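Biologist: I'm new to this one. Can you walk me through it?
Modeller: Happy to. Here it is.

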Amino acid sequence: MFEFDKVWGRLVITVDGVPVVKDLRLASLDLTKTYSFEVGATESHRVVIEKRRERFFAGFRPQTVRAFVDGELVAEGVA
């Protein structure tokens, strides 16, 4: 599950109910933030989630989120 609060900059990514990524971003110059982690015990997969924001008024605008598993785009949406 991907949870992102644009106002406070809190981000949590959970897999099977366990948080794998926690981040707090109050200010950033980067327009794209990438979160990368491994999932699976017997069959491991590389998950990369990219969150892209606009340069100005990012907290008031939709932010594109893309999810990749083993390099293949599997989901895209907005936060």
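Biologist: Let's start with Asp23: buried or exposed?
Modeller: Asp23 counts as buried, because its relative accessibility is 19% and the cut-off for buried is under 20%. Keep in mind that this is a predicted model.

Biologist: What does Asp23 form a salt bridge with?
Modeller: With Arg25. The closest N and O atoms of the two are 3.8 Å apart. Arg25 has 26% relative accessibility, so Arg25 counts as partly exposed.

Biologist: Why would such side chains pair?
Modeller: Side chains of opposite charge can pair when their charged atoms come close.

Biologist: How many salt bridges are there by this rule?
Modeller: The count is four. Among them is Glu38 with Arg46, where the closest N and O atoms are 3.1 Å apart.

Biologist: Glu38 and Arg46, then. How accessible is Glu38, and how accessible is Arg46?
Modeller: Glu38 is partly exposed, at 46% relative accessible area. Arg46 counts as partly exposed too, with 36%.

Biologist: And what does Glu50 meet in a salt bridge?
Modeller: The side chain of Arg66, at 3.7 Å from N to O. Glu50 is in strand β5 and Arg66 in strand β6, so this pair ties together parts 16 residues apart in sequence.

Biologist: How accessible is Glu50, and how accessible is Arg66?
Modeller: Glu50 comes out at 25% relative accessibility, so Glu50 counts as partly exposed. Arg66 is at 30% and also counts as partly exposed.

Biologist: Zoom out. How many helices and strands does the chain have?
Modeller: Zero helices and seven strands. Along the sequence the pattern reads β-β-β-β-β-β-β.

Biologist: What does the C-alpha trace span?
Modeller: About 45 × 25 × 20 Å along its principal axes.

Biologist: What share of the residues counts as buried?
Modeller: 24% of the 79 residues. The chain exposes about 5700 Å². Carbon and sulfur atoms supply 55% of that area.

Biologist: And contacts between residues 24 or more positions apart: what share do they account for?
Modeller: They make up 18% of the contacts in the chain with a separation of 6 or more.

Biologist: Back to the surface. Which residues form a nonpolar patch there?
Modeller: Phe56, Phe57 and Phe60. Together they have about 460 Å² of accessible area.

Biologist: Where does Phe56 lie?
Modeller: In the loop between β5 (45–52) and β6 (64–69). Phe56 counts as exposed because its relative accessibility is 56%, and exposed means over 50%.

Biologist: Gln63 lies in the loop between β5 and β6 as well. Is Gln63 buried or exposed?
Modeller: Gln63 is buried, with a relative accessible area of 3%.

Biologist: What does Gln63 touch?
Modeller: Leaving aside residues up to four places away in sequence, Gln63 touches Phe4, Lys6, Lys51, Arg52, Arg53, Ala58, Gly77, Val78 and Ala79.

Biologist: Phe4 and Lys51 are both on that list. Where does Lys51 lie?
Modeller: Over the face of Phe4, at 4.4 Å from the ring centre.

Biologist: And which ring does the charged end of Lys33 sit over?
Modeller: The ring of Tyr35. The charged end of Lys33 is 5.4 Å from the centre of that ring.

How values were computed. Residues numbered from 1 in each chain as written. Predicted model: local features only at pLDDT ≥ 70, side-chain atom pairs only at ≥ 80, totals over all residues. Heavy atoms only, no water. Lys NZ or Arg CZ within 6 Å of the ring centre and 35° of its normal. Patch = residues over 30% accessible without salt bridge, like charges linked within 9 Å, V, L, I, M, F, W, Y side chains within 5 Å. Areas by Shrake-Rupley, 256 points an atom, 1.4 Å probe, with all protein chains shown as cover. Helix = DSSP H or I, 4+ residues; strand = E, 2+ residues; numbered from the N terminus. Buried < 20%, exposed > 50% of the residue type's maximum accessible area, 1.4 Å probe, protein only. Contact = heavy atoms within 4.5 Å.
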